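Q: Could you take one part of this model and go through it closely with me, step by step? I would like to follow how the charged side chains pair up.

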Amino acid sequence: MSVMHNLGVECSWLKTSETRTKKHRLLFAKKSLIPMASSGEISTETPPHYDRLQELKAFDSSKAGVKGIVDAGISRIPRMFVRPSDELASDYPICDTQIAIPVIDLAGRRSNLVEEVWRASETLGFFQVVNHGIPNWLLEEVMRKVRGFHELPREVKETYYTRDPEKKVKFRSNFDLYETRSANWRDTLFCVMGPKPLDPLELPEVCRETIIEYSKQITGLGITLFGLLSEALGLQPDHLIGMDGAKGHAILGHYYPACPEPDLTMGTSKHSDPDFLTILLQDKIGGLQVLHQKQWINVPPVSGALVVNIGDLLQVFC
């Protein structure tokens, strides 16, 4: 069984200084490869002589990402992407009740917006925003251009493939490839847009102008959201901005190729975002899920909407 490839573009606000750790609530999310229901019993037993490190190194050195595997015409996914059987067995169920991710209209009254943002952040840590000021044509264009990059010829993309932490623009698959039990079925274009200005020529030509414009627009939305969050916490509107919460941000363009065995792997495994704030643009296929009260809640795509995720650092600082 295979699915269409899909996309997600996220903007994360980062904190570069060290922070002290407090006990705080973690908000987990994952990206499934639809469909999620299994069509039969699946064996995930690891062969006795399987060399995972060798497979990881071979994949990494190919510089082709997951799309390179798909383009090779595979019918079964490599073992490195298969989730362990104990992880599959212990996963939380998908919510079958009507728990909805709030959709907040930013064109509303300020006092109402502060209340809605506070309620959504306190209960779920996720909400969607509409009438956010970013035109639909730009949302569609950034998705199209990110797709355009990921569908470039292999020899073009591999010039951006690196695990060098000093590089501001990089193409890679799984930033934690060598640390996790199973790799995610996903390729990513990673662009650090601040706090130091990025040389535009470092960006791939196919998406350069669009990413620069999207970065400007999403920065404005981020400042608006930080203001609302500050007021929701009973603080001055510029409090979080004053903490440099909106100073540095990165744009990540995720690409999830069609998968021949979607029941065995994930586009993005369970995680919480180690940043202040993440704004996510989903495509129409969706697949994003949020963990709430030991159940996974689907986050259905809403036309023109952006998903907002409260990050770990915002919870720690506040």
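A: In this predicted model, R76 counts as exposed, because its relative accessibility is 58% and the cut-off for exposed is over 50%. Its partner is E261, and the side chains of R76 and E261 meet in a salt bridge with a distance of 3.5 Å from N to O. The pair links distant parts of the chain, since R76 sits in the loop between α2 (65-71) and α3 (85-90), E261 sits in the loop between β7 (248-256) and β8 (268-271), and 185 residues separate them. E261 has a relative accessible area of 17%, and because buried means under 20%, E261 is classed as buried.

The structure holds 10 salt bridges, and another of them brings together the side chains of R181 and D86, at 3.0 Å from N to O. Here R181 lies in the loop between β5 (169-172) and β6 (187-192), whereas D86 belongs to helix α3, so the pair ties together parts that are 95 residues apart in sequence. D86 has a relative accessible area of 42%, which makes it partly exposed.

A further salt bridge is formed by E151 with R147, where the closest N and O atoms are 3.9 Å apart. Both residues are partly exposed, E151 with a relative accessible area of 36% and R147 with a relative accessibility of 25%.

Charged residues also meet in a network of salt bridges that links E141, R144 and K145. These three residues fall within helix α5, which covers residues 136-150. At 1.5 Å a residue, the 15 residues of α5 should span 21 Å, and its end C-alpha atoms are 22 Å apart, which agrees. E141 is among the buried residues of α5, and so are L138, L139, V142, M143, V146, F149 and H150.

Y214 is in turn one of the residues with the most contacts inside the largest nonpolar core, a set of 50 residues, together with F127 and L306. The largest share of this core, 9 residues, comes from α7.

Notes:
Residues numbered from 1 in each chain as written. Predicted model: local features only at pLDDT ≥ 70, side-chain atom pairs only at ≥ 80, totals over all residues. Heavy atoms only, no water. Core = buried A, V, L, I, M, F, W, Y, C linked by side-chain atoms within 4.5 Å. Buried < 20%, exposed > 50% of the residue type's maximum accessible area, 1.4 Å probe, protein only. Helix = DSSP H or I, 4+ residues; strand = E, 2+ residues; numbered from the N terminus. Expected span 1.5 Å × (residues − 1). Salt bridge = Lys/Arg side-chain N within 4 Å of Asp/Glu carboxyl O.
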